[in-house]
Amino acid sequence: MRMQAAELFEQKIKPPEVARRLRVSAKSAYQWHRLWRDGGGAQALASRGPSGSRCRLSPRCLEKLAAYLEQGPAAHGWVEDQVWTAARVAKLIGRKFHLSYSVSGATRLMHRLGFSSQVPARRVAERDEQAVTAWKEGTWAEVKEAGRPAEAASVSRTKPGSPVGRPKDAPGAGAAAPRS
């Protein structure tokens, strides 16, 4: 996109027109024009590579990390469930490579290696499944509010449904009492 802008600038096309043709913001076109003009042409608009900090793990360490992740969480001390959370991966990196990674940094690193973090189900350790089931079957059934009764209704919010004029044997004719 920037190289196309450089070609247009060389043809003496103004930044607003470049923005329109390339479907970018006018701000971007003006920034590119300033770089192109002050920096010596298209070279000034060349990509400088990906932004952000470099990975602090070497390629060899990344291979080791992938192998550790393949072994599973239980092999590294997390035996309660078999999920790799980003927090656990960050802790594993700290233990094995003596580097501090944030949870979001560990997530990006996992994705780069082809893994995804998993979020364990949050359950209270003292949860009694039998008591929960008994409550749902007993108490909840009593407490739960019954649905609306079947009455003659209208789709209009301002005009109530009326059984007047409806044949006596029509479906729903006897469901509602006439209003007074």
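**Close-up 1. Aspartate 81 and its partner arginine 88.** Let's start at aspartate 81, which is partly exposed in this predicted model, with a relative accessible area of 23%. Its side chain meets that of arginine 88 in a salt bridge, at 2.8 Å from N to O. Arginine 88 itself is buried, its relative accessible area being 11%. Glutamate 80 also joins arginine 88 in a salt bridge, here with an N to O distance of 2.9 Å. Glutamate 80 counts as exposed, at 58% relative accessibility.

**Close-up 2. The salt bridge of arginine 37 and aspartate 38.** Here you can look at a pair whose closest N and O atoms are 3.2 Å apart. Both aspartate 38 and arginine 37 are exposed. For the model, the count comes to 5 salt bridges.

Close-up 3. The model has 0 disulfides. Cysteine 55 is in no disulfide, and the nearest cysteine sulfur, which belongs to cysteine 61, is 9.0 Å away.

**Close-up 4. A nonpolar patch on the surface.** Three residues make up this patch: Trp135, Trp140 and Val143. Together they have about 340 Å² of accessible area. You will find tryptophan 140 in helix α8, which spans residues 139-143.

Conventions. Residues are numbered from 1 along each chain as its sequence is written. This is a predicted model: local features need pLDDT of at least 70, side-chain atom pairs count only at pLDDT 80 or more; totals for chains, interfaces and linings use all residues. Side-chain values use heavy atoms; hydrogens and water are left out. A disulfide is a pair of cysteine sulfur atoms within 2.5 Å. Patches are made of residues with over 30% relative accessible area and no salt bridge: like charges are joined within 9 Å, nonpolar side chains (Val, Leu, Ile, Met, Phe, Trp, Tyr) within 5 Å. Accessible areas come from the Shrake-Rupley method with a 1.4 Å probe; for residues, only the protein chains shown count as cover. A salt bridge is a side-chain nitrogen of Lys or Arg within 4 Å of a carboxyl oxygen of Asp or Glu. Helices (H or I, at least four residues) and strands (E, at least two) are DSSP runs, numbered from the N terminus. Buried means under 20% relative accessible area, exposed over 50%, partly exposed in between (1.4 Å probe, protein chains only).
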